[in-house]
Structure formats: structure tokens, C-alpha cells
Amino acid sequence: MPLHEIRGGMALEIVHQLDVSNARKNKYLAVLRALLRRAERAWEWIDKAPNFTMLPEPKRRIRSLTKEQALALVDELPEHQQRMVIFALATGLRQGNVLGLTWGRIDLDRRVAYIDGDDFKNGDDHGVPLNDSAVDIVRQCIGNHPTHVFTYRGKPIKQANTKAWRNALERAGIVAFRWHDLRHAVATWLVQDGTPLFAVQEFFGWKDGKMVRRYAHLAPQHLAQYAAGLDTRLRRDSARG
């Protein structure tokens, strides 16, 4: 079909026939929209790119863990997965960054793990502080493999969402929880412990502030001083009788 004949409504009718979520449909629409805008503005192949109406998406869920749930999960996991989960909960790193972590990216003297931009979602190099829990896990892994930190039977671990992981969740009584939700748990804990939102954003390497604002409602304590100011509006001044 010639590019100038493509219309937004037509694309919408096509994606409606796909048996996928609205979020996935919107990704298809976004790619097509970007291509047509490029065809108009950069390549000058068409006079005007069509408008696209995106489909409504449910709000992204935030799934966390309590301290008790996290400890119960760790207790149910085999040793090699215990190490990965504790490290993930200590650093907030994504599954791919944990599994792909190599010794060349660990600096135990400075207590930092470095993630190359090519392996980090926002494309920038990222440094993650290693707390005592993370350092303990790294030291337990020393000598197991020449290049990779997390291994099983002498080989780098390629997959975390295994039968052992799913069975551990079931035995711990944790439902509707994914490995990626460990990252949500870390963000939730940081915010609930009073960590400033700007520090949480930097900790996770988020470029967009809207990511950290998803967790702001979990710790409204920083607004307490402003709520206290409303007291002065509501209290009667006894001196004025």
C-alpha cells in the first residue's frame, strides 16, 4: 500500500484483530506512527503523516514483597538462586543485569557494580552501590567461574524464571509475582524507608521522573509539614476569644 494511503483508523482496525493486549497493540501503532512521521519530516516521501488514536491501557501494576515474604522466598530457593535473589533485592538490578554480571564489572574495593550502557535499558553506563548484603553474595561467588558471578554447576546461569523459582513462590505462598517484581520491591522499600525520590531515581538510573513518581504514593510523609500548615487554618485562636 502506498504510504500516503495509510490512515490511522485503518491501522486501528487491523490491530483490533490481533489477539494481544492493548499495550502490545499500541506498540505496533507507535512503530507505524514513527515510520510515517519519519517519511514526512525526514525523507519527505509524504506530505503529512496521519494521526493515530492509541488504545486505553490499564495502569501498570506495582507488585512488592514484605520483608517476611522476601525471607520466606529466599528460604525456599536453591542456593544458586538464593544468591541471585538476595543480590537483586540488594541492588535493584534487572534480571538480565544480574545474570550477565561479570567479574570485570565488580569493584569490591569501592563496593560498586558497573553496568555498561549497552546492557542498561536507558543506554547510559550505570554504577550501583554494593551494600553489605550484596558484597557478601559476591564474595561467596569468588572462584566459581572465571568470568561470570552467578553460576550453576560451573556454567553461567541463563534463566531465572525456572521451575525451581516457581515452586519456591508457591511454597512461600506468594502469588502473581514475577522475577522483575523484585525490582519493584526494592523501589517500594526505598520509598517506604524515606529515601528521597530523586535519590531513588538516580539509584535505578531512570531518566524519566514519572517512573519514580509511580512509587511516591507509598510514602506521603514528606508532605506532613504541609499538612501541618493546614492546622493553623482550622484551629480556633483562643486569644481572640
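Visitor: Which helices each supply at least two residues of the lining of the second largest pocket?
Guide: Helix 3, helix 4 and helix 8 each do that. Keep in mind that this is a predicted model.

Visitor: And which one gives the largest share of that lining?
Guide: Helix 3, with four residues.

Visitor: What's the volume of the second largest pocket?
Guide: About 380 Å³. The lining has 15 residues, and the closest to the pocket centre are Leu89, Ala90, Asn131, Ser133 and Trp189.

Visitor: How do the lining residues divide by type?
Guide: There are 10 nonpolar, three polar and two charged residues in the lining of that pocket.

Visitor: OK, switching to the packing. How many residues are in the largest nonpolar core?
Guide: The largest nonpolar core has 47 residues. Phe87, Phe150, Trp165, Trp179 and Leu182 have the most contacts inside it.

Visitor: Which elements supply at least two residues each?
Guide: Quite a list: helix 3 (67-76), helix 4 (79-91), helix 5 (95-99), strand 2 (112-115), helix 6 (132-141), helix 7 (163-171), helix 8 (181-192) and helix 9 (197-204). Helix 4 gives the most to this core, six residues.

Visitor: What does Trp179 touch, leaving aside its neighbours within four places in sequence?
Guide: Trp179 is in contact with Met84, Val85, Ala88, Gln95, Val98, Ala160 and Trp165, sequence neighbours within four places left aside. There's also a second, separate core of 11 residues, with Leu12, Ala39, Ile46 and Ala49 among them.

Visitor: How many bridges join strand 1 to strand 2?
Guide: Two, and those strands run antiparallel. Asp107 stands opposite Val112 of strand 2.

Visitor: Last one, Pro156. Where is its place?
Guide: Pro156 sits in strand 5, residues 155-156. Pro156 has a relative accessible area of 22%, so that residue counts as partly exposed, given that buried means under 20% and exposed over 50%.

Visitor: Which residues is Pro156 in contact with, neighbours within four places aside?
Guide: His145, His148, Phe150 and Thr151. As for Lys207, that residue is 51 residues from Pro156 along the chain, and their C-alpha atoms are separated by 30 Å.

How values were computed. Residues numbered from 1 in each chain as written. Predicted model: local features only at pLDDT ≥ 70, side-chain atom pairs only at ≥ 80, totals over all residues. Heavy atoms only, no water. Core = buried A, V, L, I, M, F, W, Y, C linked by side-chain atoms within 4.5 Å. Buried < 20%, exposed > 50% of the residue type's maximum accessible area, 1.4 Å probe, protein only. Contact = heavy atoms within 4.5 Å. 1 Å grid on protein atoms, 1.4 Å probe; cavity = no way out; pocket = protein on both sides within 12 Å on 5 of 7 lines; lining within 4 Å. Points joined across faces, edges and corners; volume = space filled by probe spheres on them. Nonpolar A, V, L, I, M, F, W, Y, C, P; charged D, E, K, R; others polar. Pairing = 2+ DSSP bridges.
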